[in-house]
Every structure is written in structure tokens, then in C-alpha cells.
Amino acid sequence: MPSCRVAVLLSGSGTTLQNFFNHIDNGSLNGVTIELVVSSRSDAFGVERAKGRNVPTAVVESKAYRNPETKKTDWEAMSSKVVELLHEAKIDLVILAGYMCMFIVPPEFENKVMNIHPALIPAFSGQGMYGDKVHKAVVDRGVKLTGCTVHFVTNEYDAGPIILQKTVQVNSTDTWEDVQYKVQNLEKQAFPEAIFLYAAGRLKVKGSTVYISESKEDDS
């Protein structure tokens, strides 16, 4: 399998990053190397996880791009700085792993940026729907099935082509914490699987649909 140089963008503890490291260590992400970790917070523990693996790190703090008067963040300027770092590191694939900022995707990274959402897009998705809010909404609505969605990132919240989805049953007695636990277990499988498929050259995007081939040569 050809090599795939990955950058991980994060804002917190880096549990998703650690999951990637675990999959690399057990051989299920052959050919994938994490070449850069960028954090939007200087105190994010995910940076320490990366340093512990000798992965280059950078901090591009969102607060540095926030107007103190309007309280609005200049996402374009912040994203441009991040993109500079991606180019310097010769990154093939960008992963948003608990990145609590809007990343403006430039044309050269179209269908090269992935995110995971803790529900079955288009349900319980869009701006403002993340983390605990999603699971609470799932329980409040009384749905019987939920899950996670790995998708390519566009410049519209949760609107990019869907790569894969995994589902889990929601019981009538489940709390939102129960649902969160179930979905997080799915995410640990789904995100590395999507990265593997990308690295293997098995994903092809046509319009808003992602086609998964049996092999890189199979374009059907």
C-alpha cells in the first residue's frame, strides 16, 4: 500500500488521535503515518500525546483570530495558517478529530479532509449540533437507531459526501450517556476504517456520493 501522510487537527484531549496510534501499532493502518498534529489550544493534551510519539506539532490558537469587540473569529485567516502548515508537511489527508473550529477547505484539499459526526447524517447534524447535544437530542426524539457518520468536509457544516456510517440500537431505557458510550465505540472502528480506505485508494467521489471499490484498480 502506498504511504499516506496524515495531519490531525484537534482541540482537546486527543482520545481520537490515540485511537489512530493504536490502530497504527496493531497494523490495521498500514501505510498511514501521522506527520503533523495541529491544535487550536495551547493546553490541549492531544499535543502531549503527539509529542510522546515524536510527531511534529503546531498550535494555531483560535483566540488569536478572535475579534475582542465582535467576538467573531476569522476562520479564513486561521484556516490559511493551518493550510500553510499542511503544505509544509506534504500532507495527503487531513483529519478533524474533536477540532472545535471551522476549517475552511481550500480547493487543493477538496475530498482530502475527513470528519466524524456522532449521528446518522443528515439527522441531528448541522451548525451547533455536536458532542453531548447530539446524544441528548437523539434520546429526546425517541429514535430507535443512531450511530456515526464519517464524511468528507466541505465549507458547509456536516454537508460533505458521506464515506461510511455505522449504526447502533437505541433502547427506550437508554440515557444520553448510554447512547454516547455506544456511539463512541462505533467511532473507534469507523474513523480508522475510513482512513484505511482512503489510504488504499478505494474511495472515489462522484458528485455527493462516495463509491467504495474492492481494490484501487476497481473503478466500478
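Tutor: At 2% relative accessibility, phenylalanine 191 counts as buried. This is a predicted model, in which local features need pLDDT of at least 70, side-chain atom pairs count only at pLDDT 80 or more, and totals for chains, interfaces and linings use all residues. Residues are numbered from 1 along each chain as its sequence is written, and side-chain values use heavy atoms, with hydrogens and water left out.

Student: Why is phenylalanine 20 called buried?

Tutor: Buried means under 20% relative accessible area, exposed means over 50%, and partly exposed lies in between (1.4 Å probe, protein chains only). Phenylalanine 20 has a relative accessible area of 2%, so the residue is buried.

Student: How many aromatic pairs does a search of the whole structure find?

Tutor: The search finds two aromatic pairs. The rings of phenylalanine 20 and phenylalanine 191 have centres 5.4 Å apart and planes at 75 degrees, so this pair is edge-to-face. The rule is that rings of Phe, Tyr and Trp (its six-membered ring) pair if their centres lie within 6.5 Å; planes under 30 degrees apart count as stacked, over 60 as edge-to-face and the rest as tilted.

Student: Which parts of the chain does the pair of phenylalanine 20 and phenylalanine 191 link?

Tutor: The pair links distant parts: phenylalanine 20 is in helix α1 (residues 15-25) and phenylalanine 191 in helix α5 (residues 176-199), 171 residues apart. Helices (H or I, at least four residues) and strands (E, at least two) are DSSP runs, numbered from the N terminus.

Student: What makes phenylalanine 152 and tyrosine 198 an aromatic pair?

Tutor: Their separation is 6.4 Å centre to centre, with 65 degrees between the planes, and the pair is edge-to-face. Phenylalanine 152 lies in strand β6 (residues 145-152) and tyrosine 198 in helix α5, 46 residues apart. Both residues, phenylalanine 152 and tyrosine 198, are buried.

Student: How many disulfides does the structure hold?

Tutor: The structure holds zero disulfides, a disulfide being a pair of cysteine sulfur atoms within 2.5 Å. For cysteine 148, the nearest cysteine sulfur, that of cysteine 4, is 20 Å away.

Student: Is cysteine 148 buried or exposed?

Tutor: Cysteine 148 has a relative accessible area of 0%, so this residue is buried. Cysteine 101 is also buried, with a relative accessible area of 11%.
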